[in-house]
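Me: I'd like to go through this model with you and ask where each label comes from. Could you set the values against the cut-offs as we go?

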Amino acid sequence: MGEEEAPEEPAASSESAPRTARGRRKRKSGRSEGRALQYWMVVSSPDNFRKTREHGFSIQGLKSRHRRRVETMRVGDRLLYYVTGRMGFAATVTVASPMYEDHTPIWRTARREEDYPWRVRMRPDSVLEEPDWVPAKDVAYRLEYVRKWPPEHWTLAFQGHLHQLAQKDFKLIEDEIRRTRRTRTAVSQTAPSAVLEK
């Protein structure tokens, strides 16, 4: 989380002074404003995840109380979806815009005044169909993030709406999502031919 950003700052201040403008431009091209990418987990109800899916994973609204966190999101940051109830990881996306405010009703919550006003544009990366969501219980014990809680209370790590993750944790879950997609694709491609052979 914070440790990923720390190495970037000294490098920018100590090394960029003697470099040419060309070198500084190159440094900025890979990352927004010369800082490390951030990795996030959005905890979503099944209904709200469905709404995001219906919009083609092109937009995500985040709760009012998370304004400061959402303001730090930049193009290229990554989001991971954890769906409550099913307790599964369902998708990863890439942020494609800075935060903007929009009160168009899309997502719902028990709080009537909550309209998820802090929004970002995004593009889908790896998306699973509902039956294939990666069960959190299968990967939680491997996540550094979850170690903040006693093992018997690991589900507390997935309460709340928006969490920042270490890159290592994000990649671990995304690898599981991609592996599940590849397996499902391979099965669906071979199934018709198997039927024809019979």
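Reply: Gladly, and let's begin with strand pairing: two strands pair if DSSP finds at least two bridges between them. Five bridges join β4 to β6, which run antiparallel, so these two strands count as a pair. Please keep in mind that this is a predicted model.

Me: What makes β5 and β6 a pair?

Reply: Two bridges join strand β5 (residues 100-101) to β6, in the antiparallel sense. The definition asks for at least two bridges, so the pair qualifies. Tyr100 stands opposite Arg119 in β6.

Me: How many bridges link β2 and β6, and which residue is the bridge partner of Gln60?

Reply: There are four bridges between β2 and β6, and the pairing is antiparallel. Gln60 has Val120 of β6 as its bridge partner.

Me: Thanks. What does the whole chain look like in terms of helices and strands?

Reply: The protein chain has seven helices and eight strands. Of its 198 residues, 41% are buried. Its accessible surface comes to about 11,600 Å², and carbon and sulfur atoms hold 52% of that. Among contacts with a separation of 6 or more, 73% are between residues 24 or more positions apart.

Me: Why is Asp132 called buried?

Reply: Its relative accessibility is 13%, and buried means under 20%, so the label follows. Asp132 sits in the loop between β6 (118-127) and β7 (134-135). Setting aside residues up to four places away in sequence, Asp132 touches Thr180 and Arg184.

Me: And how do you know that Leu162 is buried?

Reply: Leu162 has a relative accessible area of 1%, and the limit is under 20%, so Leu162 is buried too. Leu162 belongs to strand β8 (residues 162-165). Beyond its neighbours within four places in sequence, its contacts include Trp40, Met41, Val42 and Leu62. His66, Arg69, Val70 and Met73 are also in contact with Leu162. Leu162 and Tyr81 are 81 residues apart in sequence, with their C-alpha atoms 9.8 Å apart.

Me: Let's turn to α4. Which residues of this helix are buried, and why are they said to be on the same side?

Reply: In helix α4 (residues 46-54), the buried residues are Asn48, Phe49 and Thr52. They cover an arc of only 100° around the axis, which puts them on the same side of α4. These buried residues pack against β1 (39-44), β2 (59-62), β3 (78-83), β4 (88-95) and β6. After α4 comes Gly56, with a positive phi near 70°.

Me: How many aromatic pairs are there, and what makes Phe49 and Trp133 edge-to-face?

Reply: The structure holds eleven aromatic pairs. For Phe49 and Trp133, the ring centres are 5.5 Å apart and the planes are at 90°. Phe49 is buried at 2% relative accessibility, and Trp133 is buried at 7%.

Me: Why is the pair of Phe57 and Tyr81 also called edge-to-face?

Reply: Their ring centres are 6.1 Å apart and the planes are at 65°, so this pair is edge-to-face; the angle limit is over 60 degrees. Phe57 lies in the loop between α4 and β2 and Tyr81 in strand β3, so the pair ties together parts 24 residues apart in sequence. Both of these residues, Phe57 and Tyr81, are buried. Phe49, Phe57, Tyr81 and Trp133 form one aromatic cluster.

Me: Finally, which residues have the most contacts inside the largest nonpolar core?

Reply: This core has 41 residues, and those with the most contacts inside it are Met41, Leu79, Tyr81, Phe89 and Phe158. At least two core residues come from each of β1, β3, β4, β6, α6 (136-139), β8 and α7 (167-197). Leaving out residues up to four places away in sequence, Phe89 touches residues including Met41, Tyr81, Trp133, Phe158, Ile173 and Ile177.

Terms used. Residues are numbered from 1 along each chain as its sequence is written. This is a predicted model: local features need pLDDT of at least 70, side-chain atom pairs count only at pLDDT 80 or more; totals for chains, interfaces and linings use all residues. Side-chain values use heavy atoms; hydrogens and water are left out. Buried means under 20% relative accessible area, exposed over 50%, partly exposed in between (1.4 Å probe, protein chains only). Contact means heavy atoms within 4.5 Å. The arc is that of the directions from the helix axis to the C-beta atoms. A nonpolar core is a set of buried Ala, Val, Leu, Ile, Met, Phe, Trp, Tyr and Cys residues joined through side-chain atoms within 4.5 Å. Accessible areas come from the Shrake-Rupley method with a 1.4 Å probe; for residues, only the protein chains shown count as cover. Rings of Phe, Tyr and Trp (its six-membered ring) pair if their centres lie within 6.5 Å; planes under 30 degrees apart count as stacked, over 60 as edge-to-face and the rest as tilted.
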